[in-house]
Amino acid sequence: MKTKMKNINNILVLLVLCSVLAGCSEDFLDRPPKDALVDANFYKNDEQVLAGTAPLYSSVWKTYVDKANWKLGDIRGGTVYRAWGDQDAVQFNITDVSEPNEQAYQSFYVTVGQANLVINNINTYAGEEVSEEIRNHAIAEARFMRAVAYRHLVMNYGAVPIIENNLEHVSGPTLRRNLVEDVWEFIKRDFEFAAENLLEEPSQQGRLTKWVAEGMLARTHLTLAGLGASSGSRDQAHLDLAKEYAERVITMSGKSLMTNYEDLFLHPYDNNNESLFELQWVFTTAPNGYEASNTMVSQITHSNEIAANGDGWGGDLSASWWMLELYDGLIVDDGTTPGFTLDKRLKTTFMLPGFTYPELQVDNDGVSESYVFPDPGADSDNSFASIKKYVVGKLPGESDRQRYPNNTYMLRLAEMYLTYAEAQLGNNASTTDAKALEYFNAVHMRAGLPEFTDPLTWEDIFEERIKEFAMESMAWYDLVRLHYYDAQKAYNIINAQDRGLFVVHPNQWPDPTAWTFEKTSWFAFRNADANSGNFQLPFPASELNQAATLGEEPVPYEFGE
């Protein structure tokens, strides 16, 4: 079916300006969200129904994406550290009053609540002009987003309450947690419904398709293979399904890897042919435009010099020493010997002294020039490998303070290649399977690295994933997936990550060709202490205060037909 409809970003602006999404108070779990779209006069045709699901692509995720996603996914995961701020994430000690904890938890349940509301509204108000195809597609969009939110919830908090009907929780704080296995079953069922009912081609640019849902099923089955298992005994049926879904997306979705890795993050990159699922942001100067815009860029940009309207607040954010060690050839002899790497992903993801970025223009006495990441100086004992990924610069006319237009990746085709490789590896120590190596090398060689011909191990795939998806909030969830079947190995990886301060020195200036790295002697903290007591996040204190029943033992969930 081909319907002439507006681009989803235009709809997002319209809905934000009309205040479609009401603000959520701290007791959002106990009260159904208010929404202008409950009006029975709204869901009367296909375009209105699709407009009703548009906020699920951005606004509901706002609080999470702004700060919490990279604090939990990358700082907590060990790819990024912060010298002075966010020490609860750096030191692996997030508490029940930590800001990113509360922001993430509430944002996930806002997404769940709004998804439930959309489903109820469509079932209640959809008019005769709404086609069955679009009705099912829109419900599938909502169930997909709900599943994504619950995946984040269960992998951060373990047993959490499953909510399908917000109205059931109006009377009081009686929420009970449900078993982890049931939460995952709920997630799987939502993704399966989405795969069966989403359109094969996007109804609008940036919309979900069945291939996105199948990609999420590949990710889900790879995780479920280890749930409740022990090392070397992941469930083969789930591994086979992960491999099957991943290959279907690779071969049938029409998607392909971008030729150049850097192009994935050069604006405008939104909704490119490697992207499967992105959160959709848009720049607008309207008074309420903050909700429609990407504000994370402001949080991670290290310098006002390259930020829109002087809002770069990420000056002490950096790749961790552990992260930099993973780039082949970069840190040599514990950093004392000048090293370099062929891996093109480094420059796209993090900045080293002398890296030049033509897309980040700076003013030099009235002349616009390419930005060159500065040399800390020979006498300096600390510096940062600042974040580049998602940092798009000033974008005149397209950005302003806390208002950037670039989207946030949630699923890329590259993940399907590495998922296939890991699922094929399964419980074996290594694999020489031709297709697994082919898919692994498609990602590996795209980064400028030579063909990998050795038997492929779990460590090879894990480290490739870390380098491919650094600053995309993936590292922590890969560690949780490992923790499901080999907790000690997950602890060992985290506890071995050097998260301390260091200095990077170029071998020459300008145009360095290698760098030395030196750990800052006076900086005391370097390694986290991960164990079963702090691997899961505690429920935010504000939520426990409102619903003490969250502290009770989890119960099975009663699934409907």
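Tutor: Arginine 465 is buried, at 3% relative accessibility (buried is under 20% relative accessible area, exposed over 50%, partly exposed in between, with a 1.4 Å probe and protein chains only). Glutamate 415 is buried too, at 2%. Their side chains meet in a salt bridge, 3.9 Å from N to O (a side-chain nitrogen of Lys or Arg within 4 Å of a carboxyl oxygen of Asp or Glu). The pair links distant parts of the chain, 50 residues apart: arginine 465 sits in helix H15 (residues 458-469), glutamate 415 in helix H13 (residues 413-425). Helices (H or I, at least four residues) and strands (E, at least two) are DSSP runs, numbered from the N terminus.

This is a predicted model, where local features need pLDDT of at least 70, side-chain atom pairs count only at pLDDT 80 or more, and totals for chains, interfaces and linings use all residues. Residues are numbered from 1 along each chain as its sequence is written, and side-chain values use heavy atoms, with hydrogens and water left out.

Now lysine 519. Its salt bridge partner is aspartate 498, with the closest N and O atoms 3.1 Å apart. Lysine 519 lies in strand E8 (residues 515-519), and aspartate 498 in the loop between helix H17 (487-496) and strand E7 (502-506), 21 residues apart. Lysine 519 is partly exposed at 33%, whereas aspartate 498 is buried at 7%.

Salt bridges with shared partners also join Glu274, Asp343, Arg345, Lys389, Arg412, Arg446, Glu464, Glu468 and Glu472 into one network. The whole structure holds 33 salt bridges.
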